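Hi,

Here is the model I said I would pass on.

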Amino acid sequence: MQATQPRFKTRRLWQFHGGIHVPDEKALSNAGTVEPTPCPKFLILPLQQHIGAPANPIVKVGDRVLKGQVIAEPRGYVCAPVHASSSGTVIAIEDRPVPHPSGLSAPCVVIETDGRETWAELPEPLTDYESLDPAVLRDRVRACGVVGMGGASFPTSVKLNPGKDHPIHTLVINGAECEPYITCDDLLMRERSGDVLQGVRILLHLLGARQCLIGIEDNKPGAIESMRLARAESDIKDRVEIVAIPTLYPSGGEKQLIKVLTGREVPSHGIPAQIGIVCQNVGTAAAVADAVLLGRPLIERYVTVTGRAVAKPSNLNVRVGTPAADLIAQCGGLRDDLRKLVCGGPMMGFEIDSQAIPITKAANCLLALTHAESPDPGPALPCIRCGRCADACPASLLPQQLYWYARSKDLDRVQDYNLFDCIECGCCAHVCPSHIPLVQYYRYAKTESWAREQEKKKADHAKARHTAKLERQERQERERQAKLRTKKEAAKDKPAAKGEAVPSTEDPKKAAIEAARQRAAAKKAALAEQGVVPKNTEDLGAAQQQQVAAAQARRRAVGLGESEAKAGPEAQATEQPSQPTQTKATGPKAATASEEQA
Amino acid sequence: MITAVAAIAALAAVIGALLGYTSLRFHIEGDPIADQVEAVLPQTQCAQCGYPGCRPYAEAVAKDDEAINKCVPGGEAVMLALADLLGRDPSEAGGIAEKPKSVAVIDEKECIGCTLCLQSCPVDAIMGAAKQLHGIIASECTGCELCLKPCPVECIHMRPIETTVRTWKWPFPANQSPEVPAQAQQAA
């Protein structure tokens with residue numbers, strides 16, 4: 001569908017599928033200007049304020065930090081550093097409640113501010129950025145901790161590096177701010193339009209893009225006017241176009257805005273860079289300008305505090321890490337009929353139960369809703385298959401099918417219906433006449449699918465390790481058998497070696513034994529030559545012979561054979577001394593066995 | 001009559017020969033069903049199913065109609081996946097007592113360095129040597145609990161893995177509508 005703009009240059013616009021009209025409620029907070037906030041007593045800086053790995057803290061408890069100083073370094077490529085947003089002392093590095101739908105705590109650096117706002121030494125401004133390599137500028141953007149400020153908080157430096165395979169022709173700047181209630185981007189465009197344009201200029205150079213389209217919903221005439229003025233003053237006016245787009249939720253979605261402005265669709269599971277487009281939020285553009293032209297890290301942002309349960313809704317310029325309670329107090333506190341406190345907008349935000357949570361780089365709005373504004377929908381009714389959700393879906397999905405499969409926990413089928421193209425905008429749930437919490441089903445299915453994938457990876461890894469262990473045990477067993485075999489063979493070979501009468505001289509003990517044996521044998525031989533019979537039973541006295549005979553008779557009576565009886569005394573004599581040696585022999589063996597056991 | 005018998009006999013002979021040939025020519029090594037079952041199992045090698053590991057249990061499920069609800073670490077998800085794979089009714093198997101996911105931890109004060117747990121670990125997640133303190137690599141531990149029994153001083157404990165912001169999952173929506181499940185099946 002074609003929409004035209006009467007007052008300004010006509011540009012063909014497209015329409016994305018679906019979308020809904022919701023009361024924008026922006027008048028609550030878009031009057032006035034952005035107010036500064038006093039420095040809070042404590043700053044709570046989560047180590048993860050971006051998509052990717054948490055940053056690694058490089059300060060210790062008790063360290064003094066200055067405003068703008070790096071307190072946590074990025075760990076990995078998709079990561080961003082964290083900077084102190086005021087000067088003070090680190091009093092704790094511990095788990096604190098963070099803005100997250102789970103309400104869980106995560107590692108944070110807590111700074112007790114000194115109120116002096118002493119700046120750390122900032123990196124040199126790169127005013128001559130046009131002569132610089134894009135990689136240098138990307139490094140600066142990364143070092144200043146800039147992340148996407150539209151809500152997803154993806155590290156900007158990563159998004160600005162689409163790679164050589166994806167030449168970028170168009171930069172899309174997202175000033176749509178389609179969520180109801182939120183006005184911080186509106187105020188930013190009104191008050192800092194020059195900075196946004198500077199940021200655009202840097203981004204155009206960085207990406208090598210031809211043109212820039214700045215999309216702003218037409219319910220923000222002030223912002224459009226201010227941006228047009230800034231564009232007219234800028235030296236890149238022939239490359240930049242300010243486009244007023246029809247107000248329709250969720251035109252501020254990345255893929256939806258690209259569709260509206262260019263008519264092109266981002267492929268399923270793909271990113272805009274695949275069609276030569278990079279999309280950035282207006283706040284991100286301003287933050288890039290600060291980082292490059294002033295060397296200032298991202299330590300402040302505009303936050304809308306609004307909703308009818310807040311006494312004085314307004315926009316505040318907030319230091320990242322300021323507790324939500326401080327902002328609410330500055331806006332006159334909460335009214336009694338508060339139903340819920342939401343971080344983000346009413347459509348995509350999440351409820352928070354603690355006012356202790358800090359404002360992060362991604363937090364654009366604190367919303368206090370009354371019972372009238374956000375009535376309890378009551379229990380969900382059965383789906384009547386009206387199909388309104390499919391009409392409203394801006395991603396052209398089939399929300400009803402997704403719902404059935406998510407409900408029956410059929411995670412494979414739900415992915416066949418492109419669950420991961422769902423942007424969780426909430427249009428389907430908003431139009432659902434049965435009040436089914438559809439988005440919650442999709443979120444459940446998404447996180448569950450990711451968890452399953454992780455578990456699968458872990459299972460494969462465990463299996464690999466288990467097979468490796470089994471193989472190792474088998475190999476060790478084979479080696480042991482082989483060793484035993486060689487030992488046995490060596491034992492077999494020994495008698496042959498004995499026949500040669502060449503005693504092995506390797507072991508001195510064995511050699512000594514062998515020598516003693518030989519001496520004994522020689523002595524025996526000599527005695528035999530002299531005719532001496534070694535048996536000593538011949539010259540026994542009569543009494544002794546009688547004793548022997550009696551003993552033999554006794555043995556016979558017991559039942560021992562003649563030969564055994566004869567061998568008896570001798571055997572007894574030899575057995576006696578051999579016993580201790582046996583126990584001696586088992587002694588060390590037992591010791592080694594017990595050691596092995598241990 | 002004779003021609004008919006002869007024709008049928010000839011057909012039987014030809015088809016029999018063909019079947020015999022194909023069974024030799026396209027013979028599949030191993031047990032493909034057991035492989036698929038094993039792919040579903042969580043590979044903790046915990047033996048809580050009564051078999052000495054995941055592979056033996058997979059073979060038993062594939063061959064001997066063993067119950068599909070014996071995998072404790074896999075829980076309901078694995079049971080449903082097995083039911084789906086084998087075309088069995090998941091309800092007949094009954095529920096599974098699910099345990100929270102845990103990792104083993106060695107009490108450093110009590111470990112005597114006997115190496116018995118080292119030998120029992122199916123995935124080599126325990127490091128150590130005789131008379132040296134042993135340590136468990138938490139990222140490799142599958143939580144199978146096989147190291148608990150051999151320990152002579154009972155210094156190994158299971159510690160549940162805590163949910164963090166990164167591992168947290170959206171819960172299944174609580175306020176269920178009183179719908180008939182037949183609709184879901186119809187949709188499927």
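Predicted model: local features only at pLDDT ≥ 70, side-chain atom pairs only at ≥ 80, totals over all residues.

Residues are numbered from 1 along each chain as its sequence is written, and chains are lettered from A and ligands numbered from 1 in the order in which they are written.

**Cores**

A nonpolar core here is a set of buried Ala, Val, Leu, Ile, Met, Phe, Trp, Tyr and Cys residues joined through C-beta atoms within 7 Å. Buried means 20 or more other C-beta atoms within 10 Å of a residue's own, exposed means 12 or fewer, and partly exposed is in between, with C-beta atoms placed from the backbone. The largest core has 133 residues, and A:Ile216, A:Val288, A:Val303 and A:Leu438 have the most contacts inside it. Helix α7 (residues 282-294) of chain A gives the largest share, eight residues. (Helices, H or I of at least four residues, and strands, E of at least two, are DSSP runs numbered from the N terminus.) Another core, of 15 residues, lies apart from that one and includes A:Ala462, B:Cys117, B:Cys144 and B:Leu146.

Contact means C-beta atoms, placed from the backbone, within 7 Å. Leaving out residues up to four places away in sequence, A:Val288 touches A:Val141, A:Val146, A:Thr156, A:Gly199, A:Ile202 and A:Leu203.

**Helix α5 of chain A**

This helix (residues 221-233) has 13 residues and reaches 19 Å from its first C-alpha to its last, close to the 18 Å expected at 1.5 Å times one less than the number of residues. Its buried residues are A:Ala223, A:Ile224, A:Ser226, A:Met227, A:Ala230 and A:Arg231. Among the elements covering the buried residues are α3 (184-191) and β10 (211-217) of chain A.

**Sheets**

Strands pair if DSSP finds at least two bridges between them. One open sheet in chain A has three strands in the order β3-β5-β6, with antiparallel pairing. β3 (56-57) and β6 (82-83) stand at its edges with a single partner strand each, so one side of each is left without a neighbour in the sheet. Two bridges join β5 (residues 70-73) to β6, and A:Ala72 stands opposite A:Val82.

Another open sheet in chain A has six strands, β1-β14-β13-β17-β15-β16, with mixed pairing. Its β15 (residues 338-343) and β16 pair antiparallel over three bridges, with A:Cys343 opposite A:Phe350.

**A loop residue**

A:Leu398 lies in the loop between α9 (388-392) and α10 (399-407) of chain A. A:Leu398 counts as partly exposed because it has 15 C-beta neighbours inside 10 Å. Beyond four places in sequence, A:Leu398 is in contact with A:Ala390 and A:Tyr417.

**Chain B**

Chain B has seven helices and four strands, and buried residues make up 22% of its 188 residues. Its contact with chain A takes 26 residues from chain B and 31 residues from chain A.

Cheers

Methods
Contact = placed C-beta atoms within 7 Å.
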